[in-house]
There are 2 protein chains.
Amino acid sequence: MPGGTVAVASDHAGFDLKEILKRDLQAAGHEVLDLGTNSTQSVDYPDFGRALAEAVASGKASRGVLVCGTGIGISIAANRNPGIRAALVHDVTSARLSREHNDANVAAFGQRVIGAETAREALKVFLSTNFEGGRHAGRVAKLSRVAVS
Amino acid sequence: MPGGTVAVASDHAGFDLKEILKRDLQAAGHEVLDLGTNSTQSVDYPDFGRALAEAVASGKASRGVLVCGTGIGISIAANRNPGIRAALVHDVTSARLSREHNDANVAAFGQRVIGAETAREALKVFLSTNFEGGRHAGRVAKLSRVAVS
């Protein structure tokens, strides 16, 4: 998806990696919608996960990138939105499979648990891998229909 | 939380690891609520993620364990339920942080991406680590209030 708009967001613990990934996205020709945070001052990850989810679900961006300390909290926040499939990505393999099998539209990273080079390569694979469809399509459709109790 | 009820669920690609973790839980004195699947025949992970989320959110179990190929799809399904904080766990460190910072009530594992010993040790840490509260409590509360658009 060269040239597509990619939204990025992080909390303070993911700020540095968010900035690195943002530069890579711009260098690859993507328009980047940066939803913050803009420093390492303490903020609440749910606010940023929610804002990014709304940007992607509404079509303002076609993909999203989230970073917090572990990637766990901010990806949980994003996945509250039924239009979002946020994959917590630890490596190239999980990035690839999240696209092929889950049609993930958001990649989440943990700045404290994986290195920047691993994240950079995984994001590249995430953005260049297509959904396989087929038997996976029905399962992905069910993810949008999962009711809340 | 020795003796508490732990719900477990997986799809076909996570069945073998689910069975291993189930035996560990039983050996540690937990009551285990096994929501399937019960073989390696192909099933849809959203059905199992949703069922486990309902069991934990309703209080039938105090914690949950999910397994699919990567852990990504089944954890997205569980996190559609606002009462669930499902952490995709890749190691002991992310298991510990998901409890300390996110008060995660479900641990999700990817059978195709981490080894059984890593998952076994991470689950042990997940179940024995307390939430830190403090500055994290307000963020966790926001995770339950994240609106869907």
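In the predicted model, a polar side-chain atom of B:Ser39 lies 3.1 Å from the backbone nitrogen of B:Gln41. B:Ser39 belongs to the loop that runs between β2 (31–34) and α2 (45–57) of chain B. Because its relative accessibility is 27%, B:Ser39 is classed as partly exposed. When neighbours within four places in sequence are set aside, B:Ser39 is in contact with B:His12 and B:Phe15. B:Asn130 stands 91 residues from B:Ser39 along the chain, and the C-alpha atoms of these two residues are separated by 33 Å.

In chain A, helix α4 covers residues 92–100. At the start of α4(A), the backbone nitrogen of A:Thr93 has a side-chain oxygen of A:Asp91 within 3.2 Å. The buried residues of this helix are A:Ser94, A:Ala95, A:Leu97, A:Ser98, A:Arg99 and A:Glu100. Elements of both chains cover them: chain A contributes β3 (63–68), β4 (86–88), α5 (116–128) and α6 (135–145), among others, and the cover from chain B includes α3 (72–79).

The contact between the two chains involves 42 residues from chain A and 42 residues from chain B. About 3800 Å² is buried between chain B and chain A, with carbon and sulfur atoms giving 58% of this area. Of the area that chain B buries against chain A, 21% is supplied by B:Arg80, B:Arg139 and B:Leu143, more than by any other three residues.

Polar and charged interactions also link the chains. Between chain B and chain A there are 6 salt bridges. A salt bridge joins the side chains of B:Arg139 and A:Asp44, with an N to O distance of 2.9 Å. Residue pairs in polar contact between chain B and chain A, both residues at pLDDT 80 or more, number 23.

On the side of chain B that touches chain A, two or more residues come from each of α2, α3, β4 (86–88), α4 (92–100) and α6 (135–145) of chain B. The most is given by α2(B), with 6 residues. By class, this side of chain B has 19 nonpolar, 13 polar and 10 charged residues.

Technical notes. Residues are numbered from 1 along each chain as its sequence is written. Chains are lettered from A and ligands numbered from 1 in the order in which they are written. This is a predicted model: local features need pLDDT of at least 70, side-chain atom pairs count only at pLDDT 80 or more; totals for chains, interfaces and linings use all residues. Side-chain values use heavy atoms; hydrogens and water are left out. Helices (H or I, at least four residues) and strands (E, at least two) are DSSP runs, numbered from the N terminus. Buried means under 20% relative accessible area, exposed over 50%, partly exposed in between (1.4 Å probe, protein chains only). Contact means heavy atoms within 4.5 Å. A polar contact is a pair of N or O atoms within 3.5 Å; within protein, one must be able to donate a hydrogen and the other to accept it, and residues adjacent in sequence count only if both atoms are side-chain atoms. Buried area is the accessible area (1.4 Å probe) that two parts lose on being put together, summed over both. A salt bridge is a side-chain nitrogen of Lys or Arg within 4 Å of a carboxyl oxygen of Asp or Glu. Ala, Val, Leu, Ile, Met, Phe, Trp, Tyr, Cys and Pro count as nonpolar, Asp, Glu, Lys and Arg as charged, and the others, Gly among them, as polar.
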